[in-house]
Amino acid sequence: MKKRFIIAIIQIFLLTTVVRGQQENLILNGSLEDYINCPLAPNITEARFWSTGLEGNDDEIEYFHACAGYVPVFGTTWIQSAKAGEAFFGAGNSIGNFDTSAYHEREFATGKLKECLKMGVRYKLSFFVNPPSNQVSAWVGYDCFEVYFHSNPYPLSSQNLGIIRRFNEVAPRVLKMPVDAPIVQRGVWRKLELEFTATGDECYFTVGCFNWLRPENIDTLVGPGATGNVFPAVYYLYDDFVLTEIPDDTTPPPAPEPVVPNVFTPNGDGSNDFWVIKNLPPGTTLAIYNRWGQQVYFTENYTNDWGGEGLPGGTYIAELIFRDLPPKRQAVYLKRE
Ligand SMILES: [Ca+2]
């Protein structure tokens, strides 16, 4: 019995390990490696399954791949390693009042899921961000890394204040990646990760900062080494998006062991008149033999209703064959007086 128990524990452990190891990434081209054309002019539309989150603004997000030698942006030269593989994308946002700022950039990247998420199921999302290792003079970091899951490829129609309002409307469904402080350390990929429960209509997701109407919700920090006038904008590289289903660990509790009594008293007094097995599993076969080995009772689905009908008092042998437990053979004393 002990050995069986230990083997069962090992089997459960192996099974759990295998299941956990097999969780597939539900984000198509999550590491941005797969491209349609080598992005000589950086453009997210060259990354398979990716697009800008703003319809009609397909040139807003830069896409970098080693095949093009990581074409730099903003006229600067910087060398940047991908977090995973050889490709990543970069997206910027301007900070400050949208109406008065000279920098109206609102950049969002939209990715596609391999399959729409299942309602009520828990998922884990992670990706990496990184201020480029050699940016233009003075940049600001922020903590606003958000993800909006949606059912259609373009959640946003154009880049204007109306869009920001629409973002605000969908804001309750936007997930904010937990970040302890604005990210300003350049050249170091930071992993962002959260778990959430799907509502069931998530087939695409859009990454960006949706919080511009509520700047009090955004923490900013001027990056180290910034010189001159601080450019009121942020720019981050993104890579290695992984979305996996979280395995349901709630395995059903083991069924309680059947308790097989060795005596019963079918004398018609209404007490203990039937041979009752506590925790009797359904579909249990019962055979009763007398002392000479003759079968005196048999059923393929015992329901605790054997009362020893027509049999004299004495000792009998009960043979129980369970569906999922080892068979059991034991003596049962039928007491008549
Ligand atoms: Ca990559």
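This is a predicted model: local features need pLDDT of at least 70, side-chain atom pairs count only at pLDDT 80 or more; totals for chains, interfaces and linings use all residues.
Residues are numbered from 1 along each chain as its sequence is written.

**Confidence**
- The average pLDDT (the predictor's confidence in each residue, from 0 to 100) is 81 for the protein chain, and 73% of the residues score at least 70.
- Residues 16-20 have pLDDT below 50, and beyond near neighbours in sequence this stretch has two contacts in the model. Two residues are in contact if their C-beta atoms, placed from the backbone, lie within 7 Å.
- Residues 97-103 also have pLDDT below 50, with 10 contacts beyond near neighbours in sequence.

- Five strands form an open sheet in the order 2-3-12-5-9, with antiparallel pairing; two strands pair if DSSP finds at least two bridges between them.
- Strand 2 and strand 9 (190-197) are at the edges with a single partner strand each, so one side of each has no neighbour in the sheet.
- Strand 2 is joined to strand 3 by four bridges. In strand 3, Ala 87 is the bridge partner of His 65.

**Cores**
- Of the 337 residues in the protein chain, 28% are buried. A residue is buried if 20 or more other C-beta atoms lie within 10 Å of its own, exposed if 12 or fewer, and partly exposed in between, with C-beta atoms placed from the backbone.
- The largest nonpolar core has 42 residues, and Tyr 238 is one of those with the most contacts inside it. Such a core is a set of buried Ala, Val, Leu, Ile, Met, Phe, Trp, Tyr and Cys residues joined through C-beta atoms within 7 Å.
- Strand 12 gives the largest share of this core, seven residues.
- Another core, of seven residues, lies apart from it and includes Trp 275 and Trp 306.
- Not counting residues up to four places away in sequence, Tyr 238 touches residues including Phe 88, Phe 127 and Val 207.

**Asn 279**
- Asn 279 sits in the loop between strand 13 (263-264) and strand 14 (285-289).
- Asn 279 is exposed because 10 other C-beta atoms lie within 10 Å.
- Leaving out residues up to four places away in sequence, Asn 279 touches Pro 256, Glu 257, Pro 258 and Val 259.

Technical notes. Helices (H or I, at least four residues) and strands (E, at least two) are DSSP runs, numbered from the N terminus.
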